[in-house]
Amino acid sequence: MSIFKRHIDQMSAYKPPLEGRDPQSYTLLDFNERTVPVADHIREALLAYVNSGRLQMYPSYGDITDRIGDYCGVPAEQVMITNGSDHGIELIIRSACSEGDEVIIPAPSFAMYNQVAGVENLNVIEPSYDFEHGYPVEEVISAVSDKTRVIVVCNPNNPSGTLVASEDILMIARAAPEAAILVDECYYEYSKATVASHLEECPNILVTRTFSKTWGLPSIRFGYILSAADNIRALLNVRGPYDINQFAVVAVAAALDKPEASMAYVDEVMTQSKPMLEAFLKERNIRFWPSAANYIWAFPDDAEALSEGLEKAAILVRPKADLEGNLGLRITLGTREQTEHLLWVLEGLLD
Ligand SMILES: Cc1ncc(COP(=O)(O)O)c(C=O)c1O
């Protein structure tokens with residue numbers, strides 16, 4: 001007899017395959033991370049904080065929320081900082097739903113939404129993404145009922161990389177005014193697509209974002225939610241006062257001091273590395289989903305063997321099956337030099 005709720009006991013943990021990921025031994029193209037270390041001034045800011053004699057104090061966040069608001073072009077009252085965007089996703093779903101409510105999570109998508117829905121014992125409705133059309137806008141709208149409390153729009157979607165047009169997100173928000181529309185903009189700086197300018201017009205939209213991907217700081221865990229001020233006030237009642245650690249705030253403040261240092265990498269990935277991999281896949285007739293992010297989900301003939309071959313050549317990618325059970329490889333894009341090396345290795349393996 002367990003002391004916990006039965007459905008929690010019956011769940012499995014969300015355990016991404018992290019073992020053996022060593023950047024000294026491998027080029028890590030398996031987690032959509034930045035593939036090179038962050039700029040020196042960010043590391044120096046962290047070291048200065050360690051040496052500042054303040055580690056014994058609880059975190060205090062200073063003006064970081066205002067700075068995020070400035071960066072996003074929204075007032076600070078529409079911003080709440082979180083411990084990575086996973087934390088934002090969890091807070092939104094937990095705050096909006098009670099046991100037995102419905103959430104609409106188009107599949108396949110990022111695992112965290114279903115994990116939280118499982119913890120809260122929600123009914124998950126999963127319309128399918130479509131290779132031709134991407135996000136299933138019409139199916140989502142027709143699945144809305146008076147029990148729908150959250151609709152997830154992962155934009156761009158992980159693993160497919162596909163984008164939903166802002167007009168479609170607004171249409172969904174208007175079709176389900178009683179539901180929270182969770183727009184996950186984890187890869188925003190890569191895709192440049194956002195509904196952040198529609199928060200007042202659509203007060204049921206909540207955007208989650210992060211410093212894990214484009215800013216290259218997943219280890220320090222810093223994300224944020226953008227939404228109408230009333231939603232932020234409510235969510236602050238749920239978030240703990242110290243949930244975001246001081247290292248994260250220090251690193252993010254430094255990153256925002258010189259955003260061009262992080263964005264130069266984003267440009268290299270999107271304007272050089274991504275077109276190179278796309279051209280390579282097209283030339284070889286390897287099917288891939290059209291991606292607006294720093295990764296491509298491709299379906300070569302023998303994905304498993306290819307993944308093993310890449311690993312032997314010290315490159316890690318992420319095997320992921322689609323809903324029909326076809327195994328694909330989700331390949332993160334790195335620098336131009338890393339992509340040239342990837343293509344050279346791929347060419348050898350495919351020939
Ligand atoms: C779509 C999506 N949302 C959220 C996250 C989680 O990001 P964070 O590190 O900010 O928790 C990821 C990480 O892979 C992701 O792909």
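A: What follows is a quick run through this predicted model.

Q: How many salt bridges does the count come to?
A: The count comes to 14 salt bridges.

Q: What does Arg21 form a salt bridge with?
A: Arg21 pairs with Glu33, and the closest N and O atoms are 2.7 Å apart. Arg21 sits in the loop between α1 and β1, and Glu33 in the loop between β1 and α2, so the pair ties together parts that are twelve residues apart in sequence.

Q: Are those two buried or exposed?
A: Arg21 is buried, at 17% relative accessible area. Glu33 counts as buried too, at 18%.

Q: Which residues are linked with them in a network?
A: Arg21, Asp30 and Glu33 are linked in a network of salt bridges.

Q: And where are Lys274 and Glu278?
A: In helix α11, four residues apart, which means about one helical turn between them. Lys274 is buried, with 8% relative accessible area.

Q: Which elements give two or more residues to its lining?
A: Those are β13 and α13. The lining residues divide into nine nonpolar, no polar and no charged. Among them are Leu281, Pro300 and Leu346.

Q: Last one: which residues form the nonpolar patch on the surface?
A: Ile3, Phe4, Ile8 and Val119, with about 400 Å² of accessible area together. Phe4 is exposed, at 54% relative accessible area, and lies in the segment before α1.

Technical notes
Residues are numbered from 1 along each chain as its sequence is written. This is a predicted model: local features need pLDDT of at least 70, side-chain atom pairs count only at pLDDT 80 or more; totals for chains, interfaces and linings use all residues. Side-chain values use heavy atoms; hydrogens and water are left out. Patches are made of residues with over 30% relative accessible area and no salt bridge: like charges are joined within 9 Å, nonpolar side chains (Val, Leu, Ile, Met, Phe, Trp, Tyr) within 5 Å. Accessible areas come from the Shrake-Rupley method with a 1.4 Å probe; for residues, only the protein chains shown count as cover. A salt bridge is a side-chain nitrogen of Lys or Arg within 4 Å of a carboxyl oxygen of Asp or Glu. Buried means under 20% relative accessible area, exposed over 50%, partly exposed in between (1.4 Å probe, protein chains only). On a 1 Å grid over the protein atoms alone, a cavity is a set of points where a 1.4 Å probe fits but cannot get out, and a pocket is an open set with protein on both sides within 12 Å along at least five of seven lines; lining residues have an atom within 4 Å of a point. Ala, Val, Leu, Ile, Met, Phe, Trp, Tyr, Cys and Pro count as nonpolar, Asp, Glu, Lys and Arg as charged, and the others, Gly among them, as polar.
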